[in-house]
Amino acid sequence: MIRVAAVGDIHVGADTAGRYRRHVTGLAGHADVLLVAGDLTRHGTVEEGRVAVEELKDAPVPVIAVLGNHDHHSDAQDEIAAMLRDAGIIVLEGDGAIVDCDGVRLGVAGGKGFGGGFPGRSAGEFGERVMKEFVRETRSFSERLRQALTEVNEAGADVTIALTHYSPIKETLAGEPLEIYPFLGSYLMAEAIDEAGADLAVHGHAHLGSEKGVTSAGTRVRNVALPVLGQAYAVYCLEPAATRA
Amino acid sequence: MTRTEDVPHYLVEHIRARVAEEAHELGVQVDVREGKVYLRGRVMSSERRRDVEEAARAAAHGHPVCNEVSVVSSREPDEGEQERLS
Ligand SMILES: [Fe+2]
Ligand SMILES: [Fe+2]
(Lines give C-alpha, C1' and ligand atoms only; values in the text may rest on other atoms or scores of the structure.)
(Ligands and ions follow the chains in the order given, each with its own letter.)
Protein backbone atom coordinates (compact mmCIF):
# COMPACT_ATOMS: atom_id res chain seq x y z
CA MET A 1 0.00 0.00 0.00
CA ILE A 2 1.17 3.51 -0.77
CA ARG A 3 0.03 6.64 1.07
CA VAL A 4 -0.23 9.66 -1.19
CA ALA A 5 -0.47 13.09 0.43
CA ALA A 6 -1.91 15.67 -1.96
CA VAL A 7 -2.69 19.38 -1.88
CA GLY A 8 -3.20 22.18 -4.39
CA ASP A 9 -3.60 25.93 -4.30
CA ILE A 10 -1.40 26.68 -1.32
CA HIS A 11 -0.98 30.17 -2.87
CA VAL A 12 2.00 31.23 -0.78
CA GLY A 13 3.25 34.78 -0.61
CA ALA A 14 5.59 36.87 1.51
CA ASP A 15 2.70 37.31 3.99
CA THR A 16 2.34 33.57 4.63
CA ALA A 17 6.03 32.57 4.34
CA GLY A 18 6.91 29.64 6.57
CA ARG A 19 3.33 28.71 7.45
CA TYR A 20 2.93 25.67 5.24
CA ARG A 21 6.42 24.36 5.91
CA ARG A 22 5.61 22.61 9.18
CA HIS A 23 2.94 20.47 7.47
CA VAL A 24 5.50 19.39 4.89
CA THR A 25 8.22 18.50 7.37
CA GLY A 26 5.60 16.69 9.47
CA LEU A 27 4.75 14.27 6.66
CA ALA A 28 7.28 11.67 7.82
CA GLY A 29 5.42 8.55 8.91
CA HIS A 30 2.10 9.82 7.53
CA ALA A 31 2.69 9.66 3.77
CA ASP A 32 5.11 8.19 1.22
CA VAL A 33 4.94 10.98 -1.35
CA LEU A 34 3.54 14.52 -1.64
CA LEU A 35 1.70 15.66 -4.78
CA VAL A 36 1.25 19.41 -5.28
CA ALA A 37 -1.53 20.27 -7.75
CA GLY A 38 -0.49 23.77 -8.85
CA ASP A 39 -1.08 27.37 -7.77
CA LEU A 40 1.84 27.31 -5.40
CA THR A 41 1.95 31.11 -5.54
CA ARG A 42 -0.48 34.03 -5.73
CA HIS A 43 1.00 36.07 -8.60
CA GLY A 44 3.68 33.77 -9.95
CA THR A 45 6.56 36.08 -9.11
CA VAL A 46 10.10 34.79 -8.62
CA GLU A 47 9.96 36.01 -4.99
CA GLU A 48 6.85 33.96 -4.33
CA GLY A 49 8.44 31.03 -6.13
CA ARG A 50 11.29 31.30 -3.64
CA VAL A 51 8.79 31.19 -0.76
CA ALA A 52 7.19 28.07 -2.30
CA VAL A 53 10.60 26.40 -2.55
CA GLU A 54 11.28 27.15 1.12
CA GLU A 55 7.95 25.63 2.14
CA LEU A 56 8.48 22.41 0.18
CA LYS A 57 12.21 21.80 0.06
CA ASP A 58 12.62 19.93 3.35
CA ALA A 59 9.90 17.35 2.73
CA PRO A 60 10.89 13.94 4.14
CA VAL A 61 9.24 12.26 1.11
CA PRO A 62 9.52 12.81 -2.67
CA VAL A 63 7.57 15.87 -3.84
CA ILE A 64 5.98 15.92 -7.30
CA ALA A 65 4.38 19.18 -8.44
CA VAL A 66 2.69 20.85 -11.37
CA LEU A 67 2.28 24.60 -11.77
CA GLY A 68 -1.07 26.42 -11.89
CA ASN A 69 -2.45 29.46 -13.70
CA HIS A 70 -1.37 31.76 -10.85
CA ASP A 71 2.20 30.50 -11.20
CA HIS A 72 2.09 31.70 -14.82
CA HIS A 73 0.75 35.17 -14.01
CA SER A 74 4.12 36.99 -14.02
CA ASP A 75 5.58 35.03 -16.92
CA ALA A 76 8.18 33.58 -14.54
CA GLN A 77 6.87 30.00 -14.72
CA ASP A 78 10.09 28.64 -16.20
CA GLU A 79 12.18 30.25 -13.50
CA ILE A 80 9.83 29.01 -10.76
CA ALA A 81 9.93 25.48 -12.18
CA ALA A 82 13.74 25.62 -12.33
CA MET A 83 13.96 26.81 -8.72
CA LEU A 84 11.69 23.99 -7.56
CA ARG A 85 13.76 21.46 -9.50
CA ASP A 86 16.98 22.81 -8.01
CA ALA A 87 15.46 22.07 -4.60
CA GLY A 88 14.86 18.44 -5.59
CA ILE A 89 11.17 18.76 -6.41
CA ILE A 90 9.93 16.98 -9.52
CA VAL A 91 7.96 19.42 -11.68
CA LEU A 92 5.80 17.85 -14.39
CA GLU A 93 4.91 19.77 -17.54
CA GLY A 94 3.22 17.26 -19.80
CA ASP A 95 5.61 14.48 -18.83
CA GLY A 96 5.85 11.74 -16.24
CA ALA A 97 8.12 10.39 -13.53
CA ILE A 98 8.45 7.21 -11.54
CA VAL A 99 9.49 7.37 -7.90
CA ASP A 100 10.22 4.48 -5.59
CA CYS A 101 8.07 4.66 -2.46
CA ASP A 102 9.16 1.98 -0.06
CA GLY A 103 9.38 -0.63 -2.82
CA VAL A 104 6.24 0.49 -4.65
CA ARG A 105 6.88 2.10 -8.01
CA LEU A 106 4.63 5.16 -8.24
CA GLY A 107 4.18 6.64 -11.70
CA VAL A 108 2.88 10.20 -11.91
CA ALA A 109 2.18 11.99 -15.18
CA GLY A 110 0.77 15.46 -15.50
CA GLY A 111 1.10 19.18 -15.95
CA LYS A 112 -0.96 22.32 -15.56
CA GLY A 113 -3.61 21.40 -18.10
CA PHE A 114 -6.16 23.95 -19.29
CA GLY A 115 -9.88 24.64 -19.80
CA GLY A 116 -12.47 24.20 -22.49
CA GLY A 117 -15.41 22.59 -20.75
CA PHE A 118 -17.21 19.30 -20.55
CA PRO A 119 -19.14 16.99 -22.89
CA GLY A 120 -22.13 18.61 -24.53
CA ARG A 121 -20.98 22.06 -23.41
CA SER A 122 -17.37 22.27 -24.50
CA ALA A 123 -15.54 24.78 -26.65
CA GLY A 124 -14.66 23.75 -30.19
CA GLU A 125 -11.60 24.47 -32.30
CA PHE A 126 -13.45 26.92 -34.51
CA GLY A 127 -13.57 30.59 -35.39
CA GLU A 128 -11.17 33.26 -34.22
CA ARG A 129 -7.51 32.46 -33.88
CA VAL A 130 -7.46 33.03 -30.08
CA MET A 131 -10.44 30.69 -29.70
CA LYS A 132 -8.71 27.97 -31.67
CA GLU A 133 -5.50 28.53 -29.71
CA PHE A 134 -7.41 28.15 -26.46
CA VAL A 135 -8.83 24.79 -27.47
CA ARG A 136 -5.58 23.61 -29.08
CA GLU A 137 -3.68 24.33 -25.88
CA THR A 138 -5.89 21.86 -24.00
CA ARG A 139 -5.88 19.38 -26.85
CA SER A 140 -2.11 19.27 -27.12
CA PHE A 141 -1.69 19.05 -23.34
CA SER A 142 -4.16 16.16 -23.17
CA GLU A 143 -2.28 14.33 -25.90
CA ARG A 144 0.99 14.73 -23.97
CA LEU A 145 -0.77 13.58 -20.80
CA ARG A 146 -2.04 10.45 -22.55
CA GLN A 147 1.45 9.67 -23.83
CA ALA A 148 3.12 10.32 -20.47
CA LEU A 149 0.61 8.09 -18.63
CA THR A 150 1.10 5.34 -21.22
CA GLU A 151 4.85 5.62 -20.77
CA VAL A 152 4.78 5.28 -16.98
CA ASN A 153 2.33 2.37 -17.29
CA GLU A 154 4.58 0.64 -19.82
CA ALA A 155 7.61 1.30 -17.64
CA GLY A 156 5.96 -0.90 -15.03
CA ALA A 157 4.56 1.54 -12.48
CA ASP A 158 2.70 -0.32 -9.71
CA VAL A 159 0.42 2.66 -9.10
CA THR A 160 -0.27 5.43 -11.66
CA ILE A 161 -1.62 8.89 -10.87
CA ALA A 162 -2.52 11.76 -13.20
CA LEU A 163 -1.69 15.15 -11.64
CA THR A 164 -3.06 18.37 -13.12
CA HIS A 165 -4.06 21.83 -11.96
CA TYR A 166 -7.21 22.12 -14.09
CA SER A 167 -9.97 19.56 -13.60
CA PRO A 168 -10.57 16.62 -15.95
CA ILE A 169 -14.22 16.25 -14.85
CA LYS A 170 -17.08 18.47 -13.75
CA GLU A 171 -18.21 16.53 -10.65
CA THR A 172 -15.32 17.91 -8.61
CA LEU A 173 -16.35 21.44 -9.63
CA ALA A 174 -19.70 21.15 -7.82
CA GLY A 175 -20.05 24.35 -5.80
CA GLU A 176 -18.49 26.54 -8.48
CA PRO A 177 -20.80 28.67 -10.66
CA LEU A 178 -21.79 26.69 -13.79
CA GLU A 179 -20.93 29.69 -15.96
CA ILE A 180 -17.20 29.32 -15.30
CA TYR A 181 -16.87 25.53 -15.76
CA PRO A 182 -15.17 25.96 -19.16
CA PHE A 183 -12.40 27.93 -17.41
CA LEU A 184 -11.96 25.29 -14.72
CA GLY A 185 -11.17 22.24 -16.78
CA SER A 186 -11.71 20.05 -19.79
CA TYR A 187 -13.03 16.55 -20.45
CA LEU A 188 -10.17 16.09 -22.95
CA MET A 189 -7.90 15.40 -19.99
CA ALA A 190 -10.33 12.80 -18.58
CA GLU A 191 -10.49 11.10 -21.95
CA ALA A 192 -6.69 10.92 -22.02
CA ILE A 193 -6.58 9.58 -18.46
CA ASP A 194 -9.23 6.94 -19.16
CA GLU A 195 -7.59 5.91 -22.39
CA ALA A 196 -4.11 5.50 -20.93
CA GLY A 197 -5.32 4.14 -17.57
CA ALA A 198 -4.61 5.53 -14.11
CA ASP A 199 -5.51 4.59 -10.54
CA LEU A 200 -6.31 8.14 -9.53
CA ALA A 201 -6.46 11.66 -10.97
CA VAL A 202 -5.63 14.58 -8.69
CA HIS A 203 -6.26 18.24 -9.48
CA GLY A 204 -6.75 21.65 -7.84
CA HIS A 205 -7.82 25.09 -9.19
CA ALA A 206 -11.54 24.92 -8.26
CA HIS A 207 -11.45 26.50 -4.79
CA LEU A 208 -15.23 26.27 -4.38
CA GLY A 209 -15.52 22.77 -5.83
CA SER A 210 -15.90 19.36 -4.21
CA GLU A 211 -13.26 16.80 -3.30
CA LYS A 212 -14.58 13.61 -4.86
CA GLY A 213 -15.58 12.56 -8.34
CA VAL A 214 -15.06 9.87 -10.96
CA THR A 215 -14.43 9.92 -14.71
CA SER A 216 -16.91 8.46 -17.20
CA ALA A 217 -14.80 5.29 -17.39
CA GLY A 218 -14.43 4.94 -13.62
CA THR A 219 -11.11 6.59 -12.74
CA ARG A 220 -11.36 8.20 -9.33
CA VAL A 221 -10.76 11.98 -9.29
CA ARG A 222 -9.90 14.12 -6.26
CA ASN A 223 -9.94 17.94 -6.10
CA VAL A 224 -7.29 18.71 -3.49
CA ALA A 225 -7.45 22.53 -3.58
CA LEU A 226 -6.64 23.58 -0.02
CA PRO A 227 -9.91 25.54 0.46
CA VAL A 228 -11.87 22.45 -0.66
CA LEU A 229 -10.05 20.10 1.71
CA GLY A 230 -10.26 22.49 4.66
CA GLN A 231 -7.10 20.82 5.98
CA ALA A 232 -3.39 20.93 5.16
CA TYR A 233 -3.53 17.99 2.70
CA ALA A 234 -5.47 14.82 1.95
CA VAL A 235 -4.00 11.32 2.20
CA TYR A 236 -5.08 8.61 -0.26
CA CYS A 237 -4.04 5.00 0.26
CA LEU A 238 -3.67 2.92 -2.89
CA GLU A 239 -2.93 -0.77 -3.33
CA PRO A 240 -0.45 -1.52 -6.13
CA ALA A 241 -2.27 -2.35 -9.41
CA ALA A 242 -5.52 -2.72 -7.48
CA THR A 243 -7.81 -0.48 -9.45
CA ARG A 244 -6.45 -0.55 -12.99
CA ALA A 245 -8.17 -2.93 -15.41
CA MET B 1 -27.21 57.92 -19.21
CA THR B 2 -26.89 55.40 -16.40
CA ARG B 3 -24.39 55.39 -13.57
CA THR B 4 -23.30 51.77 -13.87
CA GLU B 5 -22.25 51.60 -10.21
CA ASP B 6 -25.94 51.98 -9.37
CA VAL B 7 -26.79 48.85 -11.37
CA PRO B 8 -26.14 45.84 -9.08
CA HIS B 9 -24.91 43.55 -11.89
CA TYR B 10 -22.26 46.02 -13.03
CA LEU B 11 -21.31 46.92 -9.48
CA VAL B 12 -20.72 43.22 -8.74
CA GLU B 13 -18.30 42.93 -11.64
CA HIS B 14 -16.49 46.19 -10.76
CA ILE B 15 -15.97 44.86 -7.23
CA ARG B 16 -14.88 41.41 -8.42
CA ALA B 17 -12.36 42.99 -10.79
CA ARG B 18 -10.96 45.18 -8.01
CA VAL B 19 -10.71 42.24 -5.61
CA ALA B 20 -8.85 40.24 -8.28
CA GLU B 21 -6.49 43.11 -9.16
CA GLU B 22 -5.71 44.43 -5.70
CA ALA B 23 -6.26 41.50 -3.36
CA HIS B 24 -5.40 38.87 -5.99
CA GLU B 25 -8.27 36.65 -4.94
CA LEU B 26 -10.22 35.22 -7.88
CA GLY B 27 -12.66 32.99 -6.03
CA VAL B 28 -14.54 35.57 -4.00
CA GLN B 29 -18.26 35.63 -4.63
CA VAL B 30 -19.81 39.09 -4.67
CA ASP B 31 -23.55 39.71 -4.34
CA VAL B 32 -25.44 42.99 -4.08
CA ARG B 33 -28.83 42.87 -2.34
CA GLU B 34 -30.86 45.92 -1.42
CA GLY B 35 -27.82 48.13 -1.90
CA LYS B 36 -25.63 46.05 0.38
CA VAL B 37 -22.52 44.20 -0.85
CA TYR B 38 -21.92 40.64 0.40
CA LEU B 39 -18.51 38.95 0.05
CA ARG B 40 -18.26 35.16 0.33
CA GLY B 41 -15.54 32.63 -0.28
CA ARG B 42 -12.46 31.10 1.32
CA VAL B 43 -9.01 32.64 1.64
CA MET B 44 -5.74 31.44 3.17
CA SER B 45 -5.22 33.99 5.96
CA SER B 46 -6.97 36.69 7.95
CA GLU B 47 -4.69 39.29 6.31
CA ARG B 48 -6.00 38.25 2.90
CA ARG B 49 -9.56 38.36 4.22
CA ARG B 50 -8.91 41.98 5.18
CA ASP B 51 -7.29 42.74 1.79
CA VAL B 52 -10.40 41.42 0.03
CA GLU B 53 -12.63 43.67 2.11
CA GLU B 54 -10.44 46.71 1.51
CA ALA B 55 -10.41 46.18 -2.25
CA ALA B 56 -14.18 45.62 -2.26
CA ARG B 57 -14.81 48.80 -0.26
CA ALA B 58 -12.67 50.81 -2.67
CA ALA B 59 -14.93 49.75 -5.54
CA ALA B 60 -18.25 49.74 -3.66
CA HIS B 61 -19.09 53.43 -4.21
CA GLY B 62 -20.17 53.84 -0.62
CA HIS B 63 -22.42 50.79 -0.54
CA PRO B 64 -22.03 48.99 2.81
CA VAL B 65 -19.83 45.87 2.57
CA CYS B 66 -20.58 42.73 4.55
CA ASN B 67 -17.48 40.53 4.70
CA GLU B 68 -18.56 36.89 5.04
CA VAL B 69 -15.31 35.48 3.61
CA SER B 70 -13.92 32.65 5.74
CA VAL B 71 -10.32 31.70 6.42
CA VAL B 72 -9.29 28.16 5.46
CA SER B 73 -8.06 25.96 8.26
CA SER B 74 -4.84 24.10 7.56
CA ARG B 75 -4.90 21.58 10.37
CA GLU B 76 -3.32 18.23 9.60
CA PRO B 77 -5.56 15.22 8.89
CA ASP B 78 -5.41 12.39 11.41
CA GLU B 79 -5.03 8.70 10.47
CA GLY B 80 -8.78 8.12 10.42
CA GLU B 81 -9.19 10.73 7.70
CA GLN B 82 -7.02 8.86 5.20
CA GLU B 83 -9.05 7.55 2.29
CA ARG B 84 -8.49 3.99 1.06
CA LEU B 85 -8.99 3.67 -2.68
CA SER B 86 -9.50 0.15 -3.95
FE1 LIG C 1 -5.89 28.45 -7.02
FE1 LIG D 1 -5.83 27.98 -10.36
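Trainee: At what angle do helix H4 (residues 129-154) of chain A and helix H5 (residues 187-196) of chain A pack?

Mentor: The model is predicted. In it, the axes of H4(A) and H5(A) lie 8 Å apart. Angles under 35 degrees count as roughly parallel, and H4(A) and H5(A) are therefore roughly parallel to each other. Their packing angle is about 20°.

Trainee: How many nonpolar residues has the contact of H4(A) with H5(A)?

Mentor: On the H4(A) side the contact includes Phe141(A), Leu145(A) and Leu149(A), and on the H5(A) side Leu188(A), Met189(A) and Ile193(A). By class, the contact also holds 4 polar and 3 charged residues. The nonpolar residues number 8.

Trainee: Are H1(B) and H2(B) parallel or oblique to each other?

Mentor: Helix H1 (residues 8-23) of chain B and helix H2 (residues 46-59) of chain B have axes 8 Å apart and pack at about 135°. Angles over 145 degrees would count as roughly antiparallel and 65 to 115 as roughly perpendicular. The angle between H1(B) and H2(B) therefore makes them oblique.

Trainee: Which residue bridges the iron ion (ligand 1) and the iron ion (ligand 2)?

Mentor: The protein donors of the iron ion (ligand 1) are Asp9(A), His11(A), Asp39(A) and His207(A), at 2.0 to 2.2 Å. Along the chain, these donors follow the spacing D-x1-H-x27-D-x167-H. The two iron ions lie 3.4 Å apart, and the residue bridging them is Asp39(A).

Trainee: What is the geometry of the site of the iron ion (ligand 1)?

Mentor: Four donors count as tetrahedral if all angles lie between 85 and 135 degrees. The angles among the 4 donor atoms here run from 86 to 172°. The site of the iron ion (ligand 1) is irregular.

Methods
Residues numbered from 1 in each chain as written. Chains lettered and ligands numbered in written order. Predicted model: local features only at pLDDT ≥ 70, side-chain atom pairs only at ≥ 80, totals over all residues. Heavy atoms only, no water. Axes fitted to C-alpha atoms, helices over the stretch in contact; angles between N-to-C directions. Helix = DSSP H or I, 4+ residues; strand = E, 2+ residues; numbered from the N terminus. Contact = heavy atoms within 4.5 Å. Nonpolar A, V, L, I, M, F, W, Y, C, P; charged D, E, K, R; others polar. Donors = N, O, S within 2.8 Å, 3.2 Å for Na, K, Ca; no water. Tetrahedral: all angles 85-135°; square planar, octahedral: opposite > 155°, others 65-115°.
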